[in-house]
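Here are a few friendly notes to read alongside the model. Please keep the viewer open as you go.

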Amino acid sequence: MDTENKDIPNWLNPDRLIELIELLRKAGYKIGISEHIAAQDLILFLIGERQTLDDPKQLRTLLGPIFCKSLIEQENFQYHFDNWLKLIKEIGLSHTTEKVNLEVEDKGLLPVARRRI
């Protein structure tokens, strides 16, 4: 899928969704194919409608109901989403085909990007 478009903010790029899902899975969220497809369809719809959203936190509000199955997940989703945004901004994850493995550190559950060799 070629989603490289300078008009699309990095946080709205469907390729970034994979990193968010992996971060959530490592935190214990049960995210299957149907949730992944629903979230990707939502992002592609927003892009198709040229709704890049002014604030990435608006996307958090839209994705939460797709990924969260319990009250605890709903309460923690903001934390995980915000860490994902921080990861994108601080590390500047690229659109290369190189695989990026998101791991959650034991202390503080902060995500760390590690490239597989």
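1. The protein chain exposes about 7400 Å², and carbon and sulfur atoms supply 51% of that area; the areas come from the Shrake-Rupley method with a 1.4 Å probe, and for residues only the protein chains shown count as cover. Of its 117 residues, 38% count as buried (under 20% relative accessible area; exposed is over 50%, partly exposed in between; 1.4 Å probe, protein chains only).

2. A word on conventions: this is a predicted model, where local features need pLDDT of at least 70, side-chain atom pairs count only at pLDDT 80 or more, and totals for chains, interfaces and linings use all residues. Residues are numbered from 1 along each chain as its sequence is written, and side-chain values use heavy atoms, with hydrogens and water left out.

3. Mean pLDDT (the predictor's confidence in each residue, from 0 to 100) is 76 for the protein chain, with 70% of residues at 70 or more. Over residues 93-117 the pLDDT is below 50, though this stretch has 53 contacts in the model beyond near neighbours in sequence (contact: heavy atoms within 4.5 Å).

4. Helix H1 is followed by Gly28, whose phi is positive, near 105°.

5. The largest nonpolar core has 25 residues, and Leu17, Leu20 and Phe67 are among those with the most contacts inside it. Such a core is a set of buried Ala, Val, Leu, Ile, Met, Phe, Trp, Tyr and Cys residues joined through side-chain atoms within 4.5 Å.

How values were computed:
Helices (H or I, at least four residues) and strands (E, at least two) are DSSP runs, numbered from the N terminus.
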